[in-house]
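Welcome! Have a look at the sequence and the 3D view, and then let us walk through them together.

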Amino acid sequence: MGQVFVITSGKGGVGKTTVTANLGAVFSRLGKKTCLIDADIGLKNLDVVLGLENRILYTIIDVITEKVGSMEALVRHKTSRNLYLLPASQIATKEMMKPEDMEKVVAQLRPNFDIILIDSPAGIESGFRNAVVAADAAIIVTNPEYTAVSDADRVTGLLEKSKISEENIFLIVNRFRPNVAEKRGMLSIDDVTKTLAIPLVGIVPDSEAVVIGSNRGLPIAFESDNELNKIFTNVARRMLGHKVPLQEDYKLSKPTFWRLFKSLFKS
Amino acid sequence: MDQSEKHHGLLPENEENAVDSVVSTQRVVLTDKHSLFQIQEKIKPAAEALTRGELAVFPTETVYGLGAGIYAAKGVQRIFCVKGRPADNPLIVHIADINQALDLIHESTPDLFFLYAERFWPGPVTFVVPKSQRVSDKITGGKPSVAIRFPSHPVAQILINSAGQPIAAPSANISGKPSATRPEHLRELEGKVEWIIDNGPITIGLESTIISLLQTPPVLLRPGPITVEKLKEIIPNLEINLKSSKALAPGMKYRHYAPEAAIAIIPWTGNLTKLAKDTEELYLRLRGEDKEALILATAETINYHSARGYSAISMGSRSNLYSIAQNLFHSLRTVDALGYRWGIIEGFEEVGLGLALMNRIEKASSGHF
């Protein structure tokens, strides 16, 4: 029986879909049969980030309306053969889906996968409730920006009222940039964790490579031997309950941070 | 509010003529120990006051800013009075979320703005774009364009977020003086603004890089902490045109960054010994004329001067121009603070951060010696 995570954020534009795609890539590389569910109905993009937009035949709405079975609707990734996507529907509206529908879909998929990641829409409305209802655990993605942290706090409050237990709510800080001179120039990891009292499972550096990977439909974590692949692998292992010190992320990030730091203040 | 202190002005505030009257200044001291929500609690009264026309000095990653809510016309007007700033010198509008830019920009703004904003924000880069009707002419100095920045500093972000509207803010200093980068530089604004949010010394110490997107290709209007080399990775066709005399960007038209003292620059020629000797020559010549100068040296040259008993301070190391940026305005202010009427400052090669350093140094010295 697979583990089901919902990936959520509160604020839009923090890179939640990119994080979901990259986590999908590393889970499948770790040998886990992985399914990504795009619950961002009306705004499909997980398929684009994964480079699968031309392979979609059915969407989650077709499963809900019982046009096809849930396994039949999945799109298999081109290269990672144990990574699957249940696409969102572009034409459907959020109102076409109810929390019970998501519970049914997940119940059907769960026996066939080790890991299921649900990409939640931004905001805290009906789409969010649909995405959260069937999950065992939640990952909150935030950025080192106050509005993102403040929205993440709001989502944490809502998740604590859902059936997800408090110890299963985790945090990823995405698009982290070096804190210049280790002083108050921008939000630090310490600022974020001091403010949001939930366990941190990953620090993903702000990197041109992540952006380019998403734009090309080839998430960076599909490539081996880069720092970002290793960072996302660490995040995935922490999600599986392994003890991987966060220092590892810092260490891996350092070359990236250092390059950025040097280019910011090239002398 | 345990760390706040209240300064009562000598005169009662006069509603009719608030711009000239003395106001009571409340100082809110923040440290790195506060969580973001604790900061939010502490600065909430200041944030709310900004929407009613009060003024607040607040930290950003570049320099301290003097802010007013952009929809508080009285506050915006007061910024110009308090600073003694010419009315045609535009203010930078600070936002805390990229979506806030949507209210400020005209529909003719190029899509590239969003691409660039995503790469450089939050951070020390300002973009000049066509303005929407919501932005008053007071803020833009009568121009149809608006300068927008999303600062990375948590206190700035929280202040803007809590105010619920963008904040127009030039640097927190009297016009023409060096920008404020340390809490002690803010004393000149006590009695003139209602709030001073003190978060210690500023990290970067140089005002933002300004880029105009009003024409193609984009034009660099003011060099800053993000270097031309870094900008060109994202904006390869960026045009560098720093000689334009028109007031296209905030702080570019008028003499700026200058202490009371006269400042002379010793050009950098790539040789430390020559630099030290050229500095010494001018220092001794001035001394011969009974003019005692303060040398603004670097870690590489300070020993040369102090060993000879010359008055000199170090701005930082040439191996890390960032350290010099952090201390530049403080060093310029130190010349005045120590009572010197002449200052001699070392020059830098105009590449990387050196371009922004030399831009400020030249303005501090222009036509003055």
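How many residues does the contact take from chain B and from chain A? Chain B brings 26 residues to the contact, and chain A brings 20 residues. Please keep in mind as you read that this is a predicted model.

Let us start with the side of chain B that touches chain A. Five helices of chain B each supply at least two residues of that side: α1 (36-50), α5 (154-163), α6 (228-234), α9 (321-337) and α10 (353-365). The helix that gives the most is α5(B), with 4 residues.

Now for chain A as a whole. Its secondary structure comes to 10 helices and 8 strands. The radius of gyration of chain A is 18 Å, close to the 18 Å that the globule rule gives for 267 residues, so chain A is as compact as a globular protein of that length. Taken along the principal axes, the box filled by the C-alpha atoms of chain A is roughly 60 × 40 × 35 Å. Of the 267 residues in chain A, 53% count as buried. There is also something to say about how the chain meets itself: among contacts in chain A with a separation of 6 or more, 77% are between residues 24 or more positions apart.

Ala156(B) sits in helix α5 of chain B, while Arg78(B) belongs to helix α2 (residues 73-83) of that chain.

Is Ala156(B) buried or exposed? Ala156(B) counts as buried, because it has 30 C-beta neighbours inside 10 Å and 20 or more are enough for that label. Leaving aside residues up to four places away in sequence, Ala156(B) touches Phe58(B), Pro59(B), Thr60(B), His94(B) and Pro151(B).

Arg78(B) is buried as well, with 22 other C-beta atoms within 10 Å.

| Pair | Spacing along the chain | C-alpha separation |
|---|---|---|
| Ala156(B) and Ser21(B) | 135 residues | 27 Å |
| Arg78(B) and Gly67(B) | 11 residues | 9.9 Å |

Notes: Residues are numbered from 1 along each chain as its sequence is written. Chains are lettered from A and ligands numbered from 1 in the order in which they are written. This is a predicted model: local features need pLDDT of at least 70, side-chain atom pairs count only at pLDDT 80 or more; totals for chains, interfaces and linings use all residues. Two residues are in contact if their C-beta atoms, placed from the backbone, lie within 7 Å. The radius of gyration is taken over C-alpha atoms; the globule rule is 2.2 Å times the number of residues to the power 0.38. A residue is buried if 20 or more other C-beta atoms lie within 10 Å of its own, exposed if 12 or fewer, and partly exposed in between; C-beta atoms are placed from the backbone.
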